[in-house]
Amino acid sequence: MFLPASDPGAQDSVMNFALFVLRLMCLAWLWPVVLLKGSNTQNQRRHKDVYLGENTRHKHGGRIDFKTKKSDSTKSLLIKSEQLLRIEDHDFAMRPGFGGSAIPVGIDVQVESIDSISEVNMDFTMTLYLRHYWQDDRLAFPSSNNKSRTFDARLVKKIWVPDVFFVHSKRSFIHDTTMENIMLRVYPDGNILYSVRITVTALCSMDFSRFPLDTQNCSLELESYAYNENDLMLYWKNGNDSLRTDEIALSQFFIEEFHPSFGLAFYSSTGWYNRLYINFILRRHIFFFMLQTYFPTMLMVMLSWVSFWIDRRAVPARVSLGITTVLTMSTIITGVSASMPQVSYVKAVDIYLWASFLFVFLSVIEYAAVNYFTTVEEMKKLQKGKLPVSYDATQAMAYDGCFHDDMDVSPFPELPTTPSTTRTIPPRASSTEPPPTEGTRLWRKRSVGKNIRFIMSNSYMIDSYSRIIFPVAYLLFNIIYWCIYS
């Protein structure tokens with residue numbers, strides 16, 4: 001339906017309606033774009049807030065303090081340690097009070113452990129805390145609360161510290177796990193505490209003349225390397241209380257005493273120096289050596305005596321027993337000597353081992369004598385015809401020392417009495433001495449030579465005497481030995 005062209009009001013209404021529809025269509029098309037842009041802006045703002053919050057939480061240990069937004073402490077002007085101590089204003093290559101009297105340096109030591117003691121190398125290894133105390137007015141700083149400041153090894157390299165070293169040390173080092181174990185504490189008035197943790201291996205001149213029943217005196221010596229007594233005076237900070245020890249337990253030694261001392265050392269080219277001593281006395285535990293050395297040695301000596309009760313004709317048994325004990329004693333002596341330094345004097349353990357070795361060796365020599373005298377006795381009887389005619393010498397002990405099981409050991413038969421064997425007893429000269437009364441014994445004195453010949457002709461008596469002489473002599477030796485060295 002078309003409106004008449006002559007009506008202008010109707011035409012204006014149609015145009016307005018068309019513009020309204022066009023505006024609605026434009027608004028409907030632009031609305032999603034506006035919503036998407038607003039959402040992106042809101043997300044960006046939220047991410048930024050989260051980022052700022054996380055940073056703030058990390059900086060303040062999980063606690064967000066919104067006051068830091070107004071006052072940032074990281075941007076405040078702080079005084080550096082070097083500026084506070086005025087390190088750049090002084091020459092710390094010179095000691096404090098250079099040109100004046102000697103600077104006193106107090107020493108305080110805490111022994112943490114004695115790691116090892118070596119008899120072969122004649123040294124000991126010790127871990128300790130070494131603390132130095134002195135005053136340097138150049139490091140004084142103003143402080144309202146009078147509190148000290150503590151630093152690590154980085155500042156130590158920029159100031160003057162005492163050059164204390166260990167006399168007679170073989171090697172030493174400062175612990176560096178996880179950082180160098182060095183502490184520097186500076187007080188406002190210039191007093192300084194400098195502490196280091198050190199492990200040092202030092203020489204200990206040991207005397208082994210009574211080993212293993214010995215007591216060793218060792219010492220660790222401290223001294224300034226460059227400054228003599230005119231420039232630096234070392235002293236124990238708290239006297240005898242300057243040396244403290246933890247609970248120290250050693251495997252072979254018992255620590256009897258720890259005590260400090262001091263003295264002076266003279267060098268011809270540089271003069272006198274103050275020297276501090278850390279003295280300790282070590283007493284050796286004897287139980288270990290009793291189990292490893294003395295008891296086995298005693299058993300070997302006693303084992304060698306068993307041959308005195310074995311038949312003298314059992315050559316293989318007695319010879320093998322004697323050789324076994326001799327070789328065992330040689331092994332014990334070699335083992336002890338390998339674990340000891342090669343000193344030029346005799347040790348107490350050497351005396352015991354070699355004396356025991358001598359007893360074992362004499363037991364072998366004893367059987368050699370018994371074997372020889374027995375053979376000589378048998379040969380003399382054979383030559384004099386005192387053996388029966390049916391006696392076969394090959395059945396007896398031969399010169400090679402072998403024992404024959406088929407030997408007849410029955411008593412010899414009595415020899416028939418013949419005119420040649422009949423002995424005529426000459427009449428005894430009359431004597432003025434009265435005959436012995438009943439109940440008395442006649443003692444016949446024999447010379448030493450006759451006694452020896454008698455024993456040689458009765459070789460079995462050597463074993464009988466040895467069963468008593470050897471144990472008694474060894475017991476007497478032990479009594480004398482332990483009375484002298486224990």
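**Figure 1. A nonpolar patch on the surface that includes Met25.** Patches are made of residues with over 30% relative accessible area and no salt bridge, where like charges are joined within 9 Å and nonpolar side chains (Val, Leu, Ile, Met, Phe, Trp, Tyr) within 5 Å. This is a predicted model, in which local features need pLDDT of at least 70 and side-chain atom pairs count only at pLDDT 80 or more, while totals for chains, interfaces and linings use all residues. Residues are numbered from 1 along each chain as its sequence is written, and side-chain values use heavy atoms, with hydrogens and water left out. The nonpolar patch shown here consists of Phe17, Phe20, Val21, Leu24 and Met25, and together they have about 530 Å² of accessible area. Accessible areas come from the Shrake-Rupley method with a 1.4 Å probe, and for residues only the protein chains shown count as cover. Met25 belongs to helix H1, residues 8-59. Helices (H or I, at least four residues) and strands (E, at least two) are DSSP runs, numbered from the N terminus. Met25 counts as exposed because its relative accessibility is 56%. The cut-offs are under 20% relative accessible area for buried and over 50% for exposed, with partly exposed in between (1.4 Å probe, protein chains only).

**Figure 2. Aromatic pairs, with Phe266 and Trp272 as one of them.** The structure holds 27 aromatic pairs. In the pair of Phe266 and Trp272, the centres are 4.9 Å apart and the planes make an angle of 45°, a tilted arrangement. Rings of Phe, Tyr and Trp (its six-membered ring) pair if their centres lie within 6.5 Å; planes under 30 degrees apart count as stacked, over 60 as edge-to-face and the rest as tilted. Trp272 has a relative accessible area of 40%, so this residue is partly exposed.

**Figure 3. The pair of Tyr294 and Tyr352.** The ring centres of Tyr294 and Tyr352 are 4.9 Å apart and their planes meet at 65°, so the pair is edge-to-face. Tyr294 is in helix H4 (residues 287-304) and Tyr352 in helix H6 (residues 348-383), so the pair links distant parts of the chain, 58 residues apart. Tyr294 and Tyr352 are both buried. They belong to one aromatic cluster, whose members also include Trp305, Phe308, Phe359, Phe470 and Trp482.

**Figure 4. Charged ends over the rings of Phe141 and Tyr133.** The charged end of Arg149 sits over the ring of Phe141, at 5.9 Å from the ring centre. Over the ring of Tyr133 sits the charged end of Lys237, 5.0 Å from the centre. A charge sits over a ring if NZ of Lys or CZ of Arg is within 6 Å of the ring centre and within 35 degrees of the ring normal.

**Figure 5. The disulfide between Cys204 and Cys218.** The structure holds one disulfide, a term for a pair of cysteine sulfur atoms within 2.5 Å. The sulfur atoms of Cys204 and Cys218 are 1.9 Å apart. The torsion about their S-S bond is about -80°, which means that the disulfide is left-handed. Cys204 lies in the loop between strand E7 (191-203) and strand E8 (215-224), and Cys218 lies in strand E8, so the pair ties together parts that are 14 residues apart in sequence. Cys204 and Cys218 are both buried.

**Figure 6. Salt bridges, including that of Asp214 and Arg284.** A salt bridge is a side-chain nitrogen of Lys or Arg within 4 Å of a carboxyl oxygen of Asp or Glu, and by this rule the count comes to 15. Asp214 and Arg284 meet through their side chains at 2.7 Å, N to O. This pair links distant parts of the chain, with Asp214 in the loop between E7 and E8 and Arg284 in strand E12 (residues 271-284), 70 residues apart. Asp214 counts as buried because its relative accessibility is 3%, and Arg284 is buried at 4%. Glu119 is linked with Asp214 and Arg284 in a network of salt bridges. In another salt bridge, the side chains of Arg138 and Asp136 meet at 2.9 Å, N to O. Arg138 counts as buried at 15% relative accessibility, and Asp136 is buried with a relative accessible area of 1%.
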